[in-house]
Amino acid sequence: MGQLHVSAEYDTIARRIEDVAPILRSEADKSEMLRQPTEEMMRALDATEVVKISIPQELGGYEFSPSQVVQTIERLSYHEASVGWSVMALQMVTGSTGAYLGREAVEDLYPDVPAGRHATIAGQGTRLGDAVRVDGGYRISGQWSFASGIPLASHIHTAAFCAETGRPLVFTFPKEQATLVDNWDVLGLRATHSIDYVCQDVFVPATHVYDATTTENLHGGAYYRLGLVNLSGICHTGWALGVGRRMLDEMKALAATKTGTHNASVDTGYFHAAFAQAEAKFRAARAWAMEVWADNEATLDRGEKLSTEQETLTRLMLNNTTWSVQSVGQTVYQWAATAAMRRGDLQRYYRDLNAGTQHITSGPVVLQNCGKWLAGLAQNARWEFLELVSGEDSGAH
């Protein structure tokens with residue numbers, strides 16, 4: 001088992017993101033009206049090569065460590081929340097697909113990564129369609145939601161259940177083989193264009209299929225032994241932290257314009273205390289997030305997989321990060337007063353934040369399972385995807 005790879009390209013990618021930040025910020029309002037990134041945004045993101053951060057190094061990608069991915073998505077989301085959300089999904093799926101598929105699929109999808117000749121992949125992995133085994137592969141059917149980042153993608157990654165094998169599988173195929181349903185009319189994260197898509201009897205060769213719960217990678221190092229759910233948790237942690245920091249900074253900038261004016265609420269002790277508590281809550285959440293991932297990285301670097309306790313704490317940490325940042329957003333919204341109601345960065349970030357809290361990985365069922373294990377009521381269980389399963393029932397573990 002390979003050691004954890006820590007990329008020397010982190011500072012370069014961070015610098016490129018800062019270079020395009022003015023474009024991401026200036027185009028944000030227009031992209032929200034379009035419900036997807038603008039052409040100028042897409043060109044700027046392409047120039048950063050951020051989509052390569054999770055592609056295995058042996059395939060020509062950067063293969064960032066978990067902490068590097070957290071901080072990269074955090075930085076991107078700070079400048080534009082919908083862009084951060086789209087890219088976090090796109091880079092994760094593009095990278096993990098290269099790690100879990102075999103040589104034939106990799107030659108097809110990643111012919112020359114350094115030169116930019118590779119698939120970019122978006123799609124849905126939590127809602128399952130139906131898969132039927134046929135000669136040479138599978139035929140899949142179903143309707144999936146939340147294809148975040150699909151305007152930037154060339155291929156789709158989607159999950160379906162095969163009754164014959166009794167396993168959930170992930171399928172990768174060209175985007176043109178699916179019917180895209182333009183139904184993204186939502187309150188927040190509008191610019192992610194996280195539309196539905198439909199497949200009806202679409203053939204996918206067996207070479208382009210892997211087990212949805214796998215933690216066994218065929219390419220790359222220890223990073224990919226985390227499996228899809230933990231890889232997703234890395235991304236969502238970074239996104240929440242970027243959004244939380246931006247909202248606090250927006251409130252700080254707003255307070256500077258209001259202080260000294262008649263009856264300014266920002267000049268009251270109530271505001272000072274509330275802002276201090278919000279900062280503390282955010283910083284505590286971020287500190288625990290980085291602590292959890294530092295511990296996980298040490299385990300991966302030793303050639304080991306995460307223990308059930310580590311997986312539980314990783315899921316609990318994401319829940320804590322998400323809802324701590326949501327609380328921070330509520331504080332900012334309250335004290336920004338009518339400024340937060342008007343069209344602009346604060347209003348958009350508030351809506352995006354509250355849309356992001358609805359993701360299944362930060363939902364109540366996962367939280368309940370974390371509590372069940374930590375309370376000693378499921379000590380023989382292990383995590384498989386988003387569920388706790390008994391030792392006897394666990395497949396991948």
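**Entry 1: the largest cavity**

I began with the lining of the largest cavity, which by class holds 6 nonpolar, 6 polar and 3 charged residues. For these classes I counted Ala, Val, Leu, Ile, Met, Phe, Trp, Tyr, Cys and Pro as nonpolar, Asp, Glu, Lys and Arg as charged, and the others, Gly among them, as polar. This is a predicted model, in which local features need pLDDT of at least 70 and side-chain atom pairs count only at pLDDT 80 or more, while totals for chains, interfaces and linings use all residues. Residues are numbered from 1 along each chain as its sequence is written, and side-chain values use heavy atoms, with hydrogens and water left out.

The largest cavity has a volume of about 110 Å³. I found 15 residues in its lining, with Thr213, Thr215, Leu226, Gly227 and Phe385 nearest the centre. The elements that give two or more residues to this lining are α7, α9 and β8 (381-384). The largest share, 4 residues, comes from α7.

My working terms: on a 1 Å grid over the protein atoms alone, a cavity is a set of points where a 1.4 Å probe fits but cannot get out, and a pocket is an open set with protein on both sides within 12 Å along at least five of seven lines; lining residues have an atom within 4 Å of a point. Grid points are joined across faces, edges and corners, and a volume is the space filled by probe spheres set on the points. Helices (H or I, at least four residues) and strands (E, at least two) are DSSP runs, numbered from the N terminus.

**Entry 2: the other cavities**

How many cavities of 30 Å³ or more are there? I got a count of 4. The second largest cavity has a volume of about 70 Å³. Its lining includes Val229, Asn230 and Gly233, along with Thr314, Arg315 and Leu318. Here α7 and α9 each supply at least two residues. By class I noted 4 nonpolar, 4 polar and 1 charged.

Next I looked at the largest pocket, with a volume of about 730 Å³. It is lined by 33 residues, and Trp85, Gln124, Phe146, His236 and His359 lie nearest its centre. α5, β1 (121-134) and α7 are the elements that give two or more residues to this lining. β1 gives the most, with 6 residues. The lining divides into 18 nonpolar, 14 polar and 1 charged.

The second largest pocket holds about 340 Å³ of space. Of its 13 lining residues, Met42, Leu45, Asp46, Val51 and Thr120 lie nearest the centre. The elements that give two or more residues here are α3 (39-48) and α5, and α3 gives the most, with 3 residues.

**Entry 3: helix α10**

Helix α10 (residues 345-356) has 12 residues and reaches 16 Å from its first C-alpha to its last, close to the 16 Å expected at 1.5 Å a residue. The expected span is 1.5 Å times one less than the number of residues. Among the buried residues of α10 I listed Leu346, Arg348, Asp352 and Gly356. Buried means under 20% relative accessible area, exposed over 50%, and partly exposed in between (1.4 Å probe, protein chains only). The buried residues of α10 pack against α2 (28-34), α4 (66-79), α5 (81-100), α7 (227-258) and α9 (308-336). Contact means heavy atoms within 4.5 Å.

Is His155 buried or exposed? At 16% relative accessibility, His155 counts as buried. I placed His155 in strand β3 (residues 155-162). Leaving out residues up to four places away in sequence, His155 touches residues including Leu109, Thr120, Phe173 and Lys175.

Then I checked backbone angles. Most residues other than glycine have a negative phi. Arg35, in the loop between α2 and α3, has a positive phi near 65 degrees. With 19% relative accessibility, Arg35 counts as buried. Leu189 also has a positive phi, of about 55 degrees. I found Leu189 in the loop between β5 (179-181) and β6 (196-205), where Leu189 is buried at a relative accessible area of 4%.

**Entry 4: the whole chain**

Last, I stepped back. The protein chain has 11 helices and 9 strands. Buried residues make up 57% of the 397 residues. Along its principal axes the C-alpha trace spans about 75 × 50 × 40 Å.
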